[in-house]
Amino acid sequence: MGKATATTVLALALCAAVLLLAAARPLDAAACNPSALSPCGGALFGGAVTNGCCAQLKKQQPCLCQYAHNPAYSNYVNGPAAQGLIKACGLPKMKC
């Protein structure tokens with residue numbers, strides 16, 4: 001799978017998860033926006049970690065455990081690439 005296709009798949013998964021999260025937790029949906037993590041898509045597939053990715057990770061940090069338990073995101077959030085992103089951005093390790 002090419003990087004562009006993988007990024008597209010990630011973006012679609014993020015959009016689907018946004019809908020799932022909005023339906024499951026309407027009060028948290030405004031604060032937790034998985035699609036805001038789209039700047040991290042390239043880094044999840046071997047690209048460079050950008051300042052934009054780190055900024056969004058920091059904004060979405062309170063939501064990461066929620067994403068980790070959501071089947072639509074768990075493979076991304078719990079995977080080694082995501083853990084590397086969290087570390088590269090200087091965020092503490094998730095404790096869910």
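The link of Cys40 and Cys53 is right-handed, with 105° about the S-S bond. Cys40 lies in the loop between α2 and α3 and Cys53 in helix α4, so the pair ties together parts that are 13 residues apart in sequence. Their sulfur atoms sit 2.1 Å apart, and a disulfide here is a pair of cysteine sulfur atoms within 2.5 Å. Helices are DSSP runs (H or I, at least four residues), and strands would be E runs of at least two, numbered from the N terminus.

A quick word on what you're looking at: this is a predicted model, where local features need pLDDT of at least 70, side-chain atom pairs count only at pLDDT 80 or more, and totals for chains, interfaces and linings use all residues. Residues are numbered from 1 along each chain as its sequence is written, and side-chain values use heavy atoms, with hydrogens and water left out.

Back to the sulfurs. The structure holds 4 disulfides; number the bonded cysteines in sequence order and the pairing reads 1-5, 2-3, 4-7, 6-8.

Cys40 counts as buried because its relative accessibility is 3%, and Cys53 is buried at 0%. Both Cys54 and Cys89 are buried too. Cys65, at 23%, is partly exposed, whereas Cys96 counts as exposed at 56%.

Now for helix α7 (residues 80-88), where Ala82, Leu85 and Ile86 are buried. They cover an arc of only 100° around the axis (taken from the directions from the helix axis to the C-beta atoms), which puts them on the same side of α7. An α-helix has 3.6 residues a turn, so residues three or four places apart point the same way. On the other side of α7, Pro80, Lys87 and Ala88 are exposed. The buried residues of α7 pack against α3 (41-44), α4 (51-60), α5 (64-69) and α6 (74-77); contact means heavy atoms within 4.5 Å.

The largest nonpolar core has 20 residues, and those with the most contacts inside it are Leu57, Leu64, Tyr67, Val77, Leu85 and Met94. α3, α4, α5 and α7 each supply at least two residues of this core. Such a core is a set of buried Ala, Val, Leu, Ile, Met, Phe, Trp, Tyr and Cys residues joined through side-chain atoms within 4.5 Å. Leaving aside neighbours within four places in sequence, Met94 is in contact with residues including Leu64, Val77 and Ile86.

Finally, look at Gln60 in helix α4, which counts as buried at 5% relative accessibility. The Gln60 side chain reaches the backbone oxygen of Ala31 at 3.5 Å. Not counting residues up to four places away in sequence, Gln60 touches several others, among them Pro34, Leu37 and Tyr67. Leu37 itself is in the loop between α2 (26-29) and α3.

Note on methods
Buried means under 20% relative accessible area, exposed over 50%, partly exposed in between (1.4 Å probe, protein chains only). A polar contact is a pair of N or O atoms within 3.5 Å; within protein, one must be able to donate a hydrogen and the other to accept it, and residues adjacent in sequence count only if both atoms are side-chain atoms.
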